[in-house]
Amino acid sequence: MFKDDLLAGKRILITGGGTGLGKAMTERYVELGAHVIICGRRKNVLDDTAEEITQKMQRTNKPGSISTYAIDIRNPEAIEDMVNTIWADGPLHGLVNNAAGNFISRTEDLSPGGFNAITDIVMRGAFYLTDAIGKRWLNEGLKGNIINILVSWIWTGGPFVVPSAMAKSGVAAMTKSLAVEWGNRGIRVNAIVPGNFPTQGASARLLPGQDLDSIKTMSMGIPMGRAGEMPELANLAVFLMADGVDYLTGEIIAIDGGQWLAGGGTFAQLSNMSDEQWTMIRQQIKSANEKDKADRSV
């Protein structure tokens, strides 16, 4: 679909690049010649992904490269340190704000800590990174390219995922606002709204008790009748990051098989669940979170 060296020479930072959607975008960017820095809280996961992708690129003689950085993006001081470290080897050309946290819950069951755990990563983390990198581009007179990963709840609301819907709506507002504010200085800001692209991490918190293979076969009200394939998402991310579409900014593009247009994509169907079912779900999500915490290095 794209020429092999399309992203050659570009340096791109992807948050949450070690797993799921971030990993898929990382691999495609590296395959097309970019140097990609992936960051997240679990250093071992990042390093495993980097090793896996590096070996694959060596076997197929692809030109890109990958490095890792362990960080909690909720910490603006840590972000400044990371960006300074990255810039010491050369400026970035692109940023993908992909890192997210989410879980299903009745809003009356949410604690302030649970609310903050999601909004601090999704909204504040995306802003801290965008601000830190954007300022450098502006101060140095450089062009830049930002892609934010959103959800269709920015348009419909998100019953049972209210913190995510609120936080992602904030990032959507940032996308459109900065596209105008920074557009005359060569910085583009766009967003992708993925539909049903099943990943292990998201499935454990949004569809607990369901195995990944069964989730992949769910049509879930999708007009196209299937889940998305990771290369489809990655190719859209390449298109938005590549040179040649420099007039495109401030756009929020859904890639969901038409799901949100057909009234799908939310958890409204959970309204009839019992207290016992919600208790079971909370326990399943807690187990998934504890497993992740054991792997974190920051």
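Predicted model: local features only at pLDDT ≥ 70, side-chain atom pairs only at ≥ 80, totals over all residues.

1. Main core. The largest nonpolar core holds 36 residues. Leu-13, Leu-92, Leu-129, Ile-133 and Leu-150 have the most contacts inside this core. Two or more residues each come from β2 (35-40), α3 (76-87), α4 (112-140), α6 (162-182) and β6 (187-194). Of the contributors, α4 gives the most, with 8 residues.

2. Ile-133. Which residues does Ile-133 touch, leaving aside neighbours within four places in sequence? The contacts of Ile-133 are Leu-13, Val-83, Trp-87, Leu-92 and Leu-95. Of these partners, Leu-13 and Leu-92 are also named among the residues with the most contacts inside the largest core.

3. Another core lies apart from the largest one and has 29 residues. Its members include Leu-21, Met-57, Val-96 and Phe-197.

4. Aromatic pairs. How many aromatic pairs does a search of the whole structure find? The search gives 2. One of them joins Phe-127 and Tyr-128, with 6.5 Å from centre to centre and 65 degrees between the planes. The pair counts as edge-to-face because the angle is over 60 degrees. Both partners are partly exposed: Phe-127 has a relative accessible area of 42%, and Tyr-128 has 24%.

5. Ala-234. This residue sits in helix α9, which spans residues 230-241. Is Ala-234 buried or exposed? Ala-234 has a relative accessibility of 3% and is therefore buried, the cut-off being under 20%. Not counting residues up to four places away in sequence, Ala-234 touches Ala-24, Met-25 and Arg-28. Trp-182 is 52 residues from Ala-234 in sequence, and their C-alpha atoms are 25 Å apart.

6. Thr-156. Helix α5 (residues 153-156) contains Thr-156. Why is Thr-156 classed as partly exposed? Its relative accessible area is 39%, and partly exposed applies between the 20% limit for buried and the 50% limit for exposed. Thr-156 is in contact with Trp-260 and Thr-266, again without residues up to four places away in sequence. Between Thr-156 and Ala-179 there are 23 Å, C-alpha to C-alpha, for a spacing of 23 residues along the chain.

How values were computed
Residues numbered from 1 in each chain as written. Heavy atoms only, no water. Helix = DSSP H or I, 4+ residues; strand = E, 2+ residues; numbered from the N terminus. Buried < 20%, exposed > 50% of the residue type's maximum accessible area, 1.4 Å probe, protein only. Contact = heavy atoms within 4.5 Å. Phe/Tyr/Trp six-rings, centres within 6.5 Å; stacked < 30°, edge-to-face > 60°. Core = buried A, V, L, I, M, F, W, Y, C linked by side-chain atoms within 4.5 Å.
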